[in-house]
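Reader: I would like to learn how to read helix packing in a model. Please take me through it one feature at a time.

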Amino acid sequence: ISLRKMGMAELGTLSKIVRPLTVWQSIVNTRANPAFTPINIIRDIQTGTTHLLDEGFSVKQIATITKNIPQAMGALWRISRKKGNDGVWDKVAREYIEAGGKITFHGYATLEENLHKLQKQMIEAANGVKPWKAVYRAVTKFIGDLNDAGENGIRLASYAAARNIQGRTAKEAAFMARDLTVDFKKHGELGPAMNSWFVFFNAAAQGAYNVGSRAVRSKAVRAAIATFIFGGIMQHVWNMLFSGTDDDGESYYEKMLKNEPYKLERQYVFFIPGTEKYVSFPMAYGYNAFHHLGLQGAAIASGTQDPLTGFLSAIRVAFDAFNPIGSGSMASMISPTISDPAMDIMRNENFAGAPIYPEGNPFDKSPAPESSQAFSTTHPAFRKVAELINWTTGGDEVVPGAVDIHPDTLEHLWG
């Protein structure tokens with residue numbers, strides 16, 4: 001059935017069906033993922049401190065706010081675990097929460113869905129919770145509290161500064177703090193529906209608006225953008241000067257620029273002098289486009305990047321950074337998020353344009369089962385699982401079973 005032939009009623013019903021799946025995708029990639037916390041903290045600090053320039057804070061004051069983030073996170077963690085005390089930061093954190101500054105993410109639920117959830121909670125309160133469910137909730141709450149502390153650290157530190165330095169009221173400071181990065185509870189009339197189809201639509205739309213509006217009205221933010229561009233130039237210069245070379249004399253950095261450019265799009269990358277090793281850490285969403293513009297400009301100017309390739313790369317990264325329906329191929333962008341893994345596997349192409357699994361030899365009349373074909377970098381666990389599935393459905397090392405899957409396909413779905 002074609003989506004464009006559906007009326008609003010049918011689309012609304014379909015959105016309700018799809019929403020739990022996209023909310024689940026969002027949760028497992030963010031709140032329920034421990035690896036998300038440190039990456040998100042680094043990105044939020046970069047975005048938040050840049051936007052504080054638009055809120056009237058000086059660079060020196062922003063440095064103090066940044067220094068206070070660990071204390072702010074500690075207070076939020078203690079309160080979330082019901083271990084708060086009468087310390088200064090714990091008191092500020094309570095005031096911040098009461099004023100509505102704390103950011104939380106519980107999905108985009110309708111009134112009917114919230115009422116249904118409340119009804120389930122009442123039934124569980126009366127009948128008790130099963131032991132396995134209690135353990136599951138305890139683990140997910142622990143990870144969620146950890147992410148909440150990270151998500152709100154820069155906000156609480158900024159809230160305290162707005163109250164103490166600028167003399168803002170609790171409500172004014174809370175509103176300012178919520179708006180530093182993405183406020184997951186803020187959305188328009190179409191927000192929940194669009195998030196049902198494109199999992200990070202609201203966050204991306206807010207982020208793009210936040211960067212754009214602040215850049216237009218704030219000279220200090222425009223100066224920060226120029227700093228991001230200059231940072232991209234200097235990163236290229238550093239890597240050109242210090243990257244090691246392979247046996248053929250080719251720079252490892254130049255090889256990355258040509259063969260693995262996606263590694264340079266959302267990460268700061270600095271090669272360790274004279275080696276093929278490098279250190280990297282995440283860039284702020286949105287502002288990564290300006291850094292990449294500087295990097296590609298420097299690569300073109302130094303002759304290490306073809307002008308057309310560099311120009312198109314800068315345009316594509318900027319489009320990906322500010323496009324709310326996602327990145328990748330056109331097919332991936334226009335298809336709902338829940339279908340992205342299937343689309344990737346069908347095209348045998350990941351987000352970077354590289355093959356997900358090894359292509360078979362079209363001239364081999366009796367190819368080995370797909371479960372035995374994998375890249376050298378594939379994790380052994382996925383090899384074992386693919387072989388087990390093949391074996392339990394009647395296959396072996398020569399004959400494929402009823403279900404024969406590439407190990408790399410399983411790894412792609414997992415990641």
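**Reading helix packing**

Author: This is a predicted model. In it, H15 passes H17 in a right-handed crossing.

Reader: What angle do helix H15 and helix H17 pack at, and how far apart are their axes?

Author: Two packed helices are described by the angle between their axes and by the distance between those axes. For helix H15 (residues 340-347) and helix H17 (residues 407-414), the angle is about 155° and the axes are 10 Å apart. Angles over 145 degrees count as roughly antiparallel, so H15 is roughly antiparallel to H17.

Reader: Which residues of H15 and H17 make the contact?

Author: On the H15 side they are Pro341, Asp344 and Ile345; H17 contributes Thr409, His412 and Leu413. Sorted by class, the contact of H15 with H17 has 3 nonpolar, 2 polar and 1 charged residues.

Reader: Is the crossing of H9 and H10 left-handed or right-handed?

Author: H9 passes H10 in a left-handed crossing. The contact involves Arg214, Ala215, Val216 and Arg217 from H9, together with Lys219, Val221, Arg222 and Ile225 from H10. By class, the residues in the contact of H9 with H10 are 4 nonpolar, no polar and 4 charged.

Reader: How would I read a single residue? Is asparagine 288 buried or exposed?

Author: Burial is judged by relative accessible area, with under 20% counting as buried. Asparagine 288 has a relative accessible area of 4%, so asparagine 288 is buried. This residue is found in helix H12 (residues 288-301). Leaving out residues up to four places away in sequence, asparagine 288 touches Glu265, Arg266, Met283, Val317 and Ala321.

Reader: What does the protein chain contain, and what share of its residues is buried?

Author: The protein chain has 17 helices and 2 strands. Of its 415 residues, 40% are buried. The chain exposes about 23,200 Å², of which carbon and sulfur atoms supply 64%.

Reader: What share of contacts joins residues at least 24 apart?

Author: Counting contacts between residues at least 6 apart in sequence, 63% join residues at least 24 apart.

Terms used:
Residues are numbered from 1 along each chain as its sequence is written. This is a predicted model: local features need pLDDT of at least 70, side-chain atom pairs count only at pLDDT 80 or more; totals for chains, interfaces and linings use all residues. Side-chain values use heavy atoms; hydrogens and water are left out. Axes are lines fitted to C-alpha atoms, for helices over the stretch in contact, and angles run from 0 to 180 degrees between N-to-C directions. Helices (H or I, at least four residues) and strands (E, at least two) are DSSP runs, numbered from the N terminus. Angles under 35 degrees count as roughly parallel, over 145 as roughly antiparallel, 65 to 115 as roughly perpendicular and the rest as oblique. A crossing is left-handed if the near helix is turned anticlockwise from the far one by less than a right angle, and right-handed if clockwise. Contact means heavy atoms within 4.5 Å. Ala, Val, Leu, Ile, Met, Phe, Trp, Tyr, Cys and Pro count as nonpolar, Asp, Glu, Lys and Arg as charged, and the others, Gly among them, as polar. Buried means under 20% relative accessible area, exposed over 50%, partly exposed in between (1.4 Å probe, protein chains only). Accessible areas come from the Shrake-Rupley method with a 1.4 Å probe; for residues, only the protein chains shown count as cover.
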